[in-house]
Amino acid sequence: MSLSTALSIAQSALMNTARQTSVVSRNVADASNPDYSRRQAVVTSTAPGARSVDIQRATNELLFRQNLAALSAWSGQNALYSGMDQLGVAVNGVDDASSPSTAIANLQQALQLYATSPSNQNLGASVIDAAKQVVRSLNEGSKAVQDFRTQTDGQIATAVDDLNSLLSQFQDANTAVMSGTRSGTDVSDALDQRDALLKKISNYVPVSTFTRGDNDMVITTGDGTTLFETIPRTVTFAASAGYTAGAAGNAVYIDNVPISAGAGGNTSASGTLAGLLQLRDGVASTMQSQLDETARGLITAFAETAPSMPNAAGLFTWSGAPAIPAAGTLVNGLAASISVNAAMNPSTGGSPTLLRDGGANGAAYVANTGGASYSTLLIAYGDRLDQPMTFDPAAGISATSSVSDYAASSIGWFEGVRQQASTASDAKEALASRSAEALSNATGVNVDQEMSLLLDLEHTYQASARMMKTVDDMMAALLNAVG
């Protein structure tokens, strides 16, 4: 081997070691970055010596796709569970203290006490106060549901804006990857950025990808709708200023294709948007329907009856009074409009004795003509609260139940769905965490390994330096001999 060849080999080794050291140092510096993939300087042998030819980026397409799917599933589940926690407290209070079910139970107790001493007007006033609390729980619960739907609508609008922004950023990253691929330059950083954006996008909608020539990536949603192809597809949504019972929310469109809302406690929603749509149009709307049906049941249970006369609204009235709402048919917004009959309300000049005696709708409805000890009507009202009646099955729970049981079943329905959502959220969060860990193990940086590699490179550098020193000494000796 000639001295010039030996010198060339040593110089090449030093250059390669410097490049590899730079890559290892970058790996160590970004070891804590979850969106960074490990780099490796691939060296190939040439004649003479060796040279670094490429920087390879660690990838695992299967684990990456699994992580994207897990992120979408958890995001949708978490949106549902978090929203239900907030909605439950807003409508029913802590430990259901302000729920219609609790208020109805208190009304039953007050009614029973009044029936034992019907001449006691203080007990009569207590029944009216309990009825006011029932009305308040229904009115405020209905308002809370619609406020929640409006708030969720705003969250959907924000999420849509964020998704459009991410898609715009993805276009820039994808363009950088394509340009670098065409020119043969290192595109590792651009690929990291593109993958990081994919993870963020998958939080909003489920994504599927495939790569074309020049590393050009196409994104579709889980149902095949194109989300990105050369340019982003527009995600559109028209937010509503407010909601009323029975009003449908606007859909979210991707390239004019609507996103489907999730269903069930262990929701089918993948991505935050589907979870929020389920909250707004599924859970919250069903809860509103149950409040409306509870209100209709109360109006029916306390209706005044008389021979040859139609039933008329009694203790509880509504905008369609004196008529009674049709049996078994949901009346949207009834919980927001139910009120205590002014004829029985002392604060509006009424008298609680009309509840005991009847006659809030005229003399034809008077039942008591025998004195202050009459309790037949009061007992009958109490019994009606526990007697089965027909409810609209569209409200999501039993079609035949008593009013008190129906109100309790509404809480049971909500808590059942919330518990399913909680369990599923924990499971899907664990899956997302495990898939991210598996991906990190396959493509992330192990600092111990990198430091060991750095030590090997230091030894290689020292050996190359000694070789250059030896060649330099030999050339100096040769020149001295010639001179």
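**Close-up views of a predicted model**

**View 1. Phe316 and the residues around it.** Leaving aside neighbours within four places in sequence, Phe316 is in contact (heavy atoms within 4.5 Å) with Leu107, Ala131, Val134, Val135, Leu298, Ile299, Phe302, Ile338 and Ser339. This is a predicted model, in which local features need pLDDT of at least 70 and side-chain atom pairs count only at pLDDT 80 or more, while totals for chains, interfaces and linings use all residues. Residues are numbered from 1 along each chain as its sequence is written, and side-chain values use heavy atoms, with hydrogens and water left out.

**View 2. The largest nonpolar core.** A nonpolar core is a set of buried Ala, Val, Leu, Ile, Met, Phe, Trp, Tyr and Cys residues joined through side-chain atoms within 4.5 Å. Buried means under 20% relative accessible area, exposed means over 50%, and partly exposed lies in between (1.4 Å probe, protein chains only). The largest core here has 88 residues, of which Ile201, Leu298, Phe302 and Phe316 touch the most other members. H4 gives the most to this core, with 18 residues. Helices (H or I, at least four residues) and strands (E, at least two) are DSSP runs, numbered from the N terminus. In soluble globular proteins, nonpolar side chains tend to be buried together.

**View 3. Helix H9 and its buried side.** In helix H9 (residues 376–384), the buried residues are Leu377, Leu378, Tyr381, Gly382 and Arg384. They sit on the same side of H9, because they cover an arc of only 160 degrees around the axis, taken from the directions from the helix axis to the C-beta atoms. Their cover includes H3, helix H6 (272–301), strand E10 (304–306) and helix H8 (353–357).

**View 4. Pro118 in its loop.** Look for Pro118 between helix H3 (100–116) and helix H4 (121–183). Pro118 counts as buried, because its relative accessibility is 7%. Beyond its neighbours within four places in sequence, Pro118 is in contact with Arg356, Ala372, Ser373, Tyr374, Ser375 and Leu378.

**View 5. Two loop residues with positive phi.** Most residues other than glycine have a negative phi, and most peptide bonds are trans. Asp214 has a positive phi, near 60 degrees, and lies in the loop between strand E3 (207–211) and strand E4 (217–221). Ser308 also has a positive phi, near 60 degrees, in the loop between E10 and strand E11 (309–312). Asp214 is partly exposed at 34% relative accessibility, whereas Ser308 is exposed at 82%.
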